[in-house]
Amino acid sequence: MTEQDQHWLQHAVRLAERAGIETSPNPRVGCVIVRQGQVLGEGWTQPVGQAHAEVQALRDAQQHGHDVRGATAYVSLEPCSHFGRTPPCAFGLRDAGIARVVAAAGDANPLVSGKGFAILRDAGIDVLAEPDPALAQQVREMNIGFFHRMKTGLPWVRLKMAASLDGRTALPNGQSQWITSPAAREDGHRWRARADVILTGIGTVLADNPQLNVRGIDIPRQPPKWVIDSGFRTPLQAGVMQGAALTVVGASDNPQRLALQNAGVQTLLMPGAAGKVDLQEVIQVLGSQQCNEVHVEAGAALSGALVHEGLVNEILLYMAPKFLGAGAGVLALPEMQHVNQARMWQIHDTLQIGRDIRLCLR
């Protein structure tokens, strides 16, 4: 790969970052078409059902009167090769007369993986795939939920928690606002904004009455909300009832479920053991609905259950530099007899945000 290839491939990845959250369940992709150092056209994935990055770049070139025949297309992800909501991008590049394609990463979708490159090569197009491992990893991180769902059928589940240095999320009287700084809370809203679903439990709904919406950030849509509520106890006046679509998942039918339905709430029955909701089924259903990322903000009971059942892929733990003493802990986990029974998490990164520290664990 030449220095010019490196430059334009990095540019394609930066274009992918412009693609908004409304591309889901599709990945965020960027494309720039170049000839002899001149940009002919560029684009990024549009909202689901609309044009992909390659099509946008071809249209951009056409609008500027540029002939792309013989040019190089730099793309952040392998061009798609199947008919979905839109035609295959690999065909579009082929038919436009593109001579060379450089792709930062291959696609994890079984319908595409390797097939997009094969279509291009069969058409006599020179293909350079994944020439830079660091850029490939950057693309996968940008689309981590998509890649995970393609491989497992399940969404990437991200659990967000905020605590004091001694691991307290609330005082004994239930007060929890605010343990962390405004900067940390703003960062948390950015993670909410990229989610396909925000999930919480009835305990949090009753104790804190959160709205669970994205605030302080200009976004095209509010993520839907799911509440794990075995007995359908979610109050009709609850904050989660406002705004985006709400789904309440229970374990047994009762009259309150009908009241929620009459109020416009979707309700689902997913009974598990001991009268609880089957959390495994919840995550499987979210995957079947093509959710790439699920953002969890819940109390110790639900958070602990999700971690204990191995359903959490990533934890965002915001630590405030203070001690609260007695109070609620971050996770309610079964008692252990030996320290080596504890699951080991890997520290993916650490970041100081305002006065707080954010740990990202995987």
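## Fold and overall build

Helices (H or I, at least four residues) and strands (E, at least two) are DSSP runs, numbered from the N terminus. The model is predicted: local features need pLDDT of at least 70, side-chain atom pairs count only at pLDDT 80 or more, and totals for chains, interfaces and linings use all residues. Residues are numbered from 1 along each chain as its sequence is written, and side-chain values use heavy atoms, leaving out hydrogens and water.

The protein has 11 helices and 16 strands. Along its principal axes, the C-alpha trace spans about 70 × 45 × 40 Å. The radius of gyration (over C-alpha atoms) is 23 Å. A compact globule of 362 residues would have a value near 21 Å, so the two agree; that rule is 2.2 Å times the number of residues to the power 0.38. Of the 362 residues, 48% count as buried (under 20% relative accessible area; exposed is over 50%, partly exposed in between; 1.4 Å probe, protein chains only).

An unreviewed UniProt entry lists Ser-176, Arg-192, Leu-212, Arg-215 and Glu-297 under "binding site". UniProt positions follow the numbering used here, and annotations may be inferred rather than shown by experiment. The lining of the largest pocket takes in Ser-176, Arg-192, Leu-212, Arg-215 and Glu-297 from this set. A pocket is an open set of points on a 1 Å grid where a 1.4 Å probe fits, with protein on both sides within 12 Å along at least five of seven lines; lining residues have an atom within 4 Å of a point.

Ser-176 sits in the loop between strand 7 (168-170) and helix 7 (182-193). Its relative accessible area is 21%, so Ser-176 is partly exposed. Setting aside residues up to four places away in sequence, Ser-176 touches Thr-169, Ala-170 and Asp-208. Glu-297 occupies the loop between strand 12 (293-296) and helix 11 (300-308). Glu-297 counts as buried because its relative accessibility is 12%. Beyond four places in sequence, Glu-297 touches Lys-160, Arg-192, Leu-199, Thr-200 and Leu-212. Two of these contacts, Arg-192 and Leu-212, are themselves in the UniProt set. The side chains of Glu-297 and Arg-192 also make a polar contact of 2.8 Å (a pair of N or O atoms within 3.5 Å, one able to donate a hydrogen and the other to accept it; residues adjacent in sequence count only if both atoms are side-chain atoms).

## Helix 11 and its cover

Just after the helix, Gly-310 takes a positive phi of about 70 degrees.

## Asp-166 and a partner segment

Asp-166 lies in the loop between strand 6 and strand 7. With 28% relative accessibility, Asp-166 counts as partly exposed. Its contacts beyond four places in sequence are Lys-322, Phe-323, Leu-324 and Gly-325. The Asp-166 side chain reaches the backbone nitrogen of Gly-325 at 2.8 Å. Asp-166 and Ala-320 are 154 residues apart in sequence, yet 9.5 Å apart from C-alpha to C-alpha.

His-52 is in the loop between strand 2 (38-44) and helix 2 (53-63). A relative accessible area of 17% makes His-52 buried. Cys-89 lies in helix 3 (residues 89-96). Cys-89 is buried too, at 2%. Its contacts, not counting residues up to four places away in sequence, are His-52, Glu-54, Val-55, Pro-79 and Cys-80.

Gln-56 belongs to helix 2. Gln-56 is partly exposed, at 22% relative accessibility. Away from its neighbours within four places, Gln-56 contacts Glu-42, Gly-43, Trp-44, Gln-46 and Ala-51. From Gln-56 to Val-282, 226 residues apart along the chain, the C-alpha separation is 36 Å.

Conventions
Contact = heavy atoms within 4.5 Å.
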